[in-house]
Structure formats: structure tokens, C-alpha cells
Amino acid sequence: MRAGEDDVRPPTDLRTDIPHPARMYDYFLGGKDNFPADREAAERALAISPEFRTGAQANRGFLQRAVRQVTGQGVRQFLDIGTGIPTAGSTHQIAAEVSPDVRVAYLDNDPIVLVHGRALLAGAGRGTATVIHADLREPEKILANAEVREVLDFDQPIALMLVAILHFVADDQDPVGIVRRLVDALPSGSRLVLSHATGDFATPEQVKQARALYSNSAAPLVPRSREQVAAFFEGLELEEPGLVTPPLWRPDAPLKEGDDRAPGWAAVGIKP
Ligand SMILES: C[S@@+](CC[C@H](N)C(=O)[O-])C[C@H]1O[C@@H](n2cnc3c(N)ncnc32)[C@H](O)[C@@H]1O
């Protein structure tokens, strides 16, 4: 794999004293790539609602089923922004189970993701997957990035993965416009695989507490309603079953009580 040009950073840049969403998410998923500040914040989140953990697991399940689905439909390229710390069942691993010729550009703005991504991809063939330091809030830079262009052919369908990331982009940073600019750059037949945290099923007090907790982290949390999440898919055709809670998106196991109230919305859109 190749490293992004500015992803070789001194360990001090990891800012282990500040809770990071990627490392809190890793903790929720049972990973070991987190520090005391992350664990403390994650435990406080779990005290607000145990759904931070079950929601993370459900979201990861959605990601994997969606990757299987779109790869099965012939999509071979993934632009996965907000990669997270790689755990088993990352996009390139799931996609490779369906087809060996997939190409994945992983992008994240957290340096720890790059460190782990390098290790994970060390065995991957050149051109298969790459990890790049980039920020979703700068879509033009992402689209112009030479490494992204080297891995992905923008004349062929691309699955744009924005899974559990847009709730870290505030309204005044124009999240809908960011998604539109990225989708506009993709050819017909491309997919938008997106999930997003919601407070639709939580009490106002739980939402307030969760927002307050993340306001002290590296990225504030902005839960959005189903209607607000639907706006990201404007102009796209939604795959069945449409915009649903993550466990309800093409489940491959029996549903559990409360799955229809999981704290997120998820869908896959197809660019006509
Ligand atoms: C909750 S994790 C989701 C990981 C993975 N997509 C999944 O769903 O399993 C969110 C990831 O988005 C990254 N992230 C947050 N804001 C970002 C931004 N503005 N640009 C790039 N990455 C960002 C975090 O560093 C973290 O790795």
C-alpha cells in the first residue's frame, strides 16, 4: 500500500489526551486501539445509553451487508471516507470475499486510523487499497487527490461510503452540499452507502447529554432526523428497503426486539 503524503506524523499528533470518535467507536466495538480518555468518554456515553455500543455494532453490520450487496451487483471501486480504525470485516476484506479485483481508497482525518490502516494493508497488493489522510469537509481536495485518482477510475461506478461520519459534520459546514459535490463527480451507476446517527428514538435529555459529551471530543456529534438524513440521498434511487434503521437494512439474521428503534438511519442510493 501507499501512504498518503502527509500521513506520516509523530505519535504526539494522536492527541491521546482528547477523546477521538474513531477510538471511542473502536472501544464500543470491543477493539483495543483506544486510550484512557477515549475509554472514559465512551463509558460516559454508555451510561447515557447502552445503544452507543449496540448502535455501533448494528452500523458495522450495515456497512458489511451493503458492501456485499454492491460488490455483488458489480461495483468494484470504493471511496470509503471516515474509514475508522480497521477491525475485521473492513470494506476491502468484505468486498474481496465477493470479488478479488476490488479497489478501495480509505480516507480519514484521524492519524491513528492511518497508522492502523498501514499495518492492515501491508499485505494488500499495490493498487488494491490505500489509506489517505483527508477531511470530508474538503470534498474538492478529495476529488483532486492524486492517490485517490490513482486507485479509483472515475469513469467506472464507485461506491461512496459515508458510513457513520456525517454526524461529525456540523450544519454550518454544509453536509448536504459536501455529499452533493462528491456524488456529482461520480459516474452513473455509482452508489452512496450512508448511515447516520439519530436521536429520533431517544429522549431529548439523552440527545442533549450525548451532544454535550462529544462536544469535548475531537469531533462534535450532530444527530439528525430521518427527514434530514433523507436529504443526503436527493436525486438518487434508493435500494430496497429504503432508508431504515441499520439492523433493518437487508438483515441476514433474525431481527431482535428494538432493532426498528436502533439509533441511526441507513440506506444505499444509486446514481441514475
Ligand atoms: C464512527 S467511525 C465510523 C467508521 C466506519 N465508517 C464504520 O462505519 O464502521 C467515524 C470515522 O470518521 C472519521 N471522521 C470524522 N470526521 C471526519 C472528517 N471530517 N473527515 C474525515 N474523517 C472523519 C473518524 O476519524 C472516524 O474514523
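Mentor: A polar contact is a pair of N or O atoms within 3.5 Å. The model discussed here is predicted.

Trainee: Which residue has a polar backbone atom 3.3 Å from an oxygen atom of the ligand?

Mentor: The cut-off for a polar contact is 3.5 Å between N or O atoms. An oxygen atom of the ligand and a polar backbone atom lie 3.3 Å apart, and the residue that supplies the backbone atom is G84.

Trainee: How far from a nitrogen atom of the ligand is a polar backbone atom of V163?

Mentor: Nitrogen atoms of the ligand also take part in such pairs. For G82, a backbone N or O atom lies 2.6 Å from a ligand nitrogen. For V163, the distance from a polar backbone atom to a ligand nitrogen is 2.8 Å.

Trainee: Which element gives the most residues to the shell around the ligand?

Mentor: The ligand is surrounded by 20 residues, and Y25, N59, R60, G82 and D108 are the closest. By class, the shell holds ten nonpolar, five polar and five charged residues. With three residues, the element that gives the most is helix 3.

Trainee: How are helix 2 and helix 9 oriented to each other, roughly parallel or roughly antiparallel?

Mentor: Helix 2 (residues 36–48) and helix 9 (residues 204–214) pack with axes 10 Å apart, at an angle of about 175°. On the helix 2 side the contact is made by A41, R44, A45 and I48, and on the helix 9 side by Q206, Q209, A210 and L213. Angles over 145 degrees count as roughly antiparallel. The orientation of helix 2 and helix 9 is therefore roughly antiparallel.

How values were computed. Residues numbered from 1 in each chain as written. Predicted model: local features only at pLDDT ≥ 70, side-chain atom pairs only at ≥ 80, totals over all residues. Heavy atoms only, no water. Axes fitted to C-alpha atoms, helices over the stretch in contact; angles between N-to-C directions. Helix = DSSP H or I, 4+ residues; strand = E, 2+ residues; numbered from the N terminus. Parallel < 35°, antiparallel > 145°, perpendicular 65-115°, else oblique. Contact = heavy atoms within 4.5 Å. Near = heavy atom within 4 Å. Polar contact = N/O pair within 3.5 Å; in protein donor to acceptor, adjacent residues only side chain to side chain. Nonpolar A, V, L, I, M, F, W, Y, C, P; charged D, E, K, R; others polar.
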